[in-house]
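Have the model open while you go through it.

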Amino acid sequence: MNKGSNTKKQFSASAYVHKAVHEYRDAPAHRSGEVQKLRVLSVEPGSVAERIGLKAGDEIQALNGKPLLDVIDFQFNAAAIGRRTTIQTQERKITFVRREWESFGLEFEPIEPLTCKNQCVFCFVHQNPKNVRRSLHIKDEDYRLSFLFGNYLTLTNVDEAEMQRIIEQRLSPLYISVHATEPELRRQLLGIDEYDGFMAKIDRLTRAGIQLHGQVVLCPGVNDGAHLDRTIDDLLKFHPHIVSLAIVPVGLTRHRNNLPQLLPFTPEIARQTIAHITPIQGKLKRQIGTPFVFLGDEIYIMAGAEIPPASHYADFPQIENGVGMVRTFLTQFNAALRSRTTRSNKRGTICTGKIFYPYLKDSVDRLGMDLKTVAVESNFWGPGIGVAGLLTGSDFITALKGNVYGDFVVLPSESMVGDDYLFLDDLTIKDVERELGVPVLPSGYDARDFVRLLKTAA
């Protein structure tokens with residue numbers, strides 16, 4: 001059951017987890033091996049579901065007499081074309097044959113995320129401010145969300161039944177938090193009592209044909225240098241089933257009281273990391289046709305280094321992890337500049353985080369419009385956090401109230417989730433708009449949509 005690429009899967013996952021937490025806040029915790037009732041949220045017009053009479057509010061309790069674990073279990077068992085299928089709801093039994101061209105067309109209520117028991121030394125959830133909404137305290141460690149949305153999991157909390165299910169239902173690819181492959185170092189980084197048999201799990205999954213993408217959160221002086229070399233070498237043995245490995249810098253907020261002391265990722269460390277990894281990438285490109293190891297955009301930006309060309313990233317396997325996102329934006333932006341859309345004569349303010357600011361400002365200036373680009377500081381998390389996706393509604397209000405340039409404001413869509421455009425501090429885009437007194441617009445996730453928005457802004 002291989003899934004297709006989804007360039008917004010991280011954002012979708014954030015919204016999904018947020019919704020799940022609120023809808024299941026009083027539900028007892030369960031493992032994914034326990035039977036669940038699948039409640040239908042909506043039915044797509046013209047779909048199989050509409051044809052057989054399913055409707056919002058129906059609970060699907062069994063498929064072909066088999067109780068269901070979750071939405072993935074439903075998709076796996078309902079995939080048959082041209083065969084008699086029986087669905088049991090809370091009210092009736094429906095038998096039908098799915099035609100080749102028909103989509104099933106069901107949207108279900110979200111499953112409750114499985115949670116992580118690890119105590120990773122760099123865990124971002126442990127660095128939250130006090131009194132944030134409950135969903136920000138959820139540490140998801142869920143192979144289903146990894147398959148559906150690209151969430152990372154360590155595999156530490158995946159039990160035998162879940163491993164068997166991943167293999168049987170071919171839940172591929174999965175996104176794995178590696179951090180280190182040396183048993184003792186990995187144990188320390190994950191804050192677990194004993195080594196979790198990680199390499200044996202990787203071997204088992206790859207032998208079964210499951211594709212994996214790995215991630216290392218690089219902590220200076222802890223899992224870098226020779227330790228990082230060991231991690232790369234160990235994972236390379238599983239290529240091509242391990243498709244890629246992303247290296248991203250540790251993020252430290254100001255809220256680390258009573259947490260393990262870690263060194264911040266500095267511009268000098270970023271330059272050292274690039275110098276370390278670039279020769280490895282070149283060697284692997286010659287040997288296996290791919291760099292295999294990819295550095296997060298933030299590392300290049302912090303170092304003041306040039307962002308690699310699009311050809312470096314192949315098919316951008318970890319773009320949702322901030323690997324190649326800047327290059328994608330610049331490529332899309334250049335393409336959008338060639339369009340002949342009429343320009344707006346309105347003035348406006350464009351916001352982003354301090355990491356992406358130089359690239360966005362340069363791009364916006366090239367439009368030749370009366371626009372001001374603003375780098376917004378993260379007061380919520382602290383100065384160590386510079387990515388746009390973690391900016392809050394209150395951050396934007398603090399930066400812009402009384403300082404808006406022009407007739408409208410554009411905020412990064414990465415900072416918001418859901419139909420009501422909710423920020424991490426529970427403010428919405430309408431709250432920000434009310435405080436600023438001008439229209440506030442989401443940027444969109446594609447640079448071409450962003451340019452069209454600016455050229456037609458009312």
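Valine 216 has isoleucine 247 as its bridge partner in strand 10. That bridge belongs to the parallel pairing of strand 9 (residues 212-218) with strand 10, which runs over seven bridges; two strands count as paired if DSSP finds at least two bridges between them. Bear in mind that this is a predicted model, where local features need pLDDT of at least 70, side-chain atom pairs count only at pLDDT 80 or more, and totals for chains, interfaces and linings use all residues. Residues are numbered from 1 along each chain as its sequence is written, and side-chain values use heavy atoms, with hydrogens and water left out. Helices (H or I, at least four residues) and strands (E, at least two) are DSSP runs, numbered from the N terminus.

- Strand 10 (residues 242-249) has seven of its eight residues buried, so it is largely enclosed by the rest of the structure; buried means under 20% relative accessible area, with a 1.4 Å probe and protein chains only.
- Strand 7 joins strand 8 (residues 174-177) in parallel over two bridges.
- Leucine 153 finds its bridge partner in strand 8, namely isoleucine 176.

- Axes are lines fitted to C-alpha atoms, for helices over the stretch in contact, and angles run from 0 to 180 degrees between N-to-C directions.
- Strand 12 (residues 348-353) and strand 14 (residues 408-411) are parallel partners over three bridges, and isoleucine 350 has valine 410 in strand 14 as its bridge partner.

**Helix 13 against helix 14**

- The axes of helix 13 (residues 393-400) and helix 14 come within 10 Å and cross at roughly 15°.
- Helix 13 and helix 14 are therefore roughly parallel to each other, a label for angles under 35 degrees.
- Their crossing is right-handed, meaning that the near helix is turned clockwise from the far one by less than a right angle.
- Gly393, Phe396, Ile397 and Leu400 of helix 13 meet Val432, Glu435 and Leu436 of helix 14.
- By type, the residues of this contact are five nonpolar, one polar and one charged. Ala, Val, Leu, Ile, Met, Phe, Trp, Tyr, Cys and Pro count as nonpolar, Asp, Glu, Lys and Arg as charged, and the others, Gly among them, as polar.

**Helix 5 against helix 7**

- Helix 5 (residues 160-168) and helix 7 (residues 198-207) have axes that come within 10 Å and cross at roughly 25°.
- Helix 5 passes helix 7 in a right-handed crossing.
- Glu160, Met163, Gln164, Ile166 and Ile167 of helix 5 make the contact with Lys201, Arg204 and Leu205 of helix 7.
- The residues of this contact divide into four nonpolar, one polar and three charged.

Technical notes
Contact means heavy atoms within 4.5 Å. Buried means under 20% relative accessible area, exposed over 50%, partly exposed in between (1.4 Å probe, protein chains only). Angles under 35 degrees count as roughly parallel, over 145 as roughly antiparallel, 65 to 115 as roughly perpendicular and the rest as oblique.
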